[in-house]
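Trainee: Before I put my questions, may we have the sequence and the structure in view?

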Amino acid sequence: MTLGIASIGNRAAGAVLALAVCLALALGAPAAAQDDLPISAFYGTFVGTGVAKSEDSLFYGVTLRDLDVTIAPENGGFAVTWTTVLREATNGGPAQARRKTGTRTFLPTTKPWLFRAEGAGNLLEGDEVGWARIEGNSLLVYLLRLDGKGRYDMQTYRRTLTGGGMDLTFTRVRDGDNVRAVSGKLVKDGN
Amino acid sequence: MATSRTRRTGDAARCGRAALGVLAPVLLIALAISGGARASDSVLGAFHGTFVGTAATVPATDSAAKPRLRDIDIVIEPYKTGFRITWITVFRVDGKRVDPGVRRRTTVQTFLPQDGATGIYRQAAEIDMFRGRRDPDLLAGDTVRWARLDGRTLSVYSLGLDDRGRYQLQTYHRRLTSLGLDLEFTRLRDGVVDLRIAGEAARVRD
């Protein structure tokens, strides 16, 4: 009889302990939404083309651009490196090419879907503030900066994995005005 | 006759006060622009005062929603070398102010000039009891606020992230007018404007 009571007591204590451990785990480390891909799913090199629209598109038309992006593990998080080649007609003359590159490293946070830009500084002191997040099969990168008059410039890159590669949408909002939007399709060129 | 003269004198005095009310902000701005380095401080002075008015939501063009009315009460006053802004919003219910569902919200924010920048103000830093002054950290769930002064417009920005990392950026533009202030508010939620509010407020003589 005594043994029986002790056994029930042990089982109850075990159940309480298990519940406490589960709660501690749940509170201590937020779980990713079930349909969020891990960051490793986005690793690779992708190449493609995009079309850009801006406030001037009504008069000057859209511009085409070649897009390359590499997403790779870095410092426990990941790095995104992108190259854009723009071909723009100038004053009716032949198209001239311009090449832009950029790279940012993002470090993990306590939330598996959220990453902090490495070296992010103080927005009010003119530094760029960046972060990235995963939403389902999309990786979003945000880059925010203020100009010398305190007007904000928010750039958002949404890269969505598709069957053969990646869809890109880029938007740039400057103090409430949508100054540019780019949409493009890329195929995976390497891991 | 005497009554008429008194009325004319009173009218003239009222006109004079009204003209002064209109001209004062303009004169302050003109003085500030000619004043050089301290220009933003002087222009900021033109915003000091108490304002009361109304505002309403601006439905999207493809929406059948009706504008929702709210009463606005704004006080802008000096705070150290910057300013403090207090605004009270009374959310009307179906246009009614006297209704059991009416809500009232008070917001107080303080801003100080940003070092090395003209016309930009940072939110006065929170003081942590154990760690001293602490700048807001967006990724840690803090809201980042700043303000800027551009001519006759004082803009206040408020930026925060939700748990998923989606941003919400609220912008309040308050523009000096002969009456008081024109108000414009937009809420940008992860790239999409999901709320616009427009209104106006009259300057109140304290």
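Mentor: Two strands pair if DSSP finds at least two bridges between them. Please keep in mind that this is a predicted model.

Trainee: Which residue of β10(A) is the bridge partner of F170(A)?

Mentor: β9(A) also pairs with β10(A), residues 177-190, in the antiparallel sense. That pairing comprises 10 bridges. In β10(A), the partner of F170(A) is V182(A).

Trainee: Which residue in the turn between β9(A) and β10(A) has a positive phi?

Mentor: β9(A) and β10(A) form a hairpin with 2 residues between them. In that turn, a positive phi of about 50 degrees belongs to D175(A).

Trainee: Is K185(A) buried, exposed or partly exposed?

Mentor: K185(A) lies in strand β10 of chain A. A residue counts as buried with 20 or more other C-beta atoms within 10 Å of its own, and as exposed with 12 or fewer. K185(A) has 16 such atoms within 10 Å, and therefore it is classed as partly exposed.

Trainee: What separation do the C-alpha atoms of K185(A) and V47(A) have?

Mentor: Leaving aside neighbours within four places in sequence, K185(A) is in contact with G48(A) and D167(A). V47(A) is 138 residues away from K185(A) along the chain.

Trainee: Turning to the whole chain, what percentage of the residues in chain A is buried?

Mentor: Chain A contains 2 helices and 10 strands. Along the sequence these elements follow the pattern α-β-α-β-β-β-β-β-β-β-β-β. Of the 191 residues in chain A, the buried share is 24%.

Trainee: Among contacts in chain A between residues at least 6 apart in sequence, what percentage joins residues at least 24 apart?

Mentor: The count takes in contacts between residues at least 6 apart in sequence. Of these, the share joining residues at least 24 apart is 39%.

Trainee: Which strand supplies the largest share of the side of chain A that touches chain B?

Mentor: The contact takes 19 residues from chain A and 19 residues from chain B. On the chain A side, β5 (114-117), β6 (129-135), β8 (152-161) and β9 (165-174) each supply at least two residues. The residues of that side divide into 9 nonpolar, 6 polar and 4 charged. The largest share, 4 residues, comes from β6(A).

How values were computed
Residues numbered from 1 in each chain as written. Chains lettered and ligands numbered in written order. Predicted model: local features only at pLDDT ≥ 70, side-chain atom pairs only at ≥ 80, totals over all residues. Contact = placed C-beta atoms within 7 Å. Nonpolar A, V, L, I, M, F, W, Y, C, P; charged D, E, K, R; others polar.
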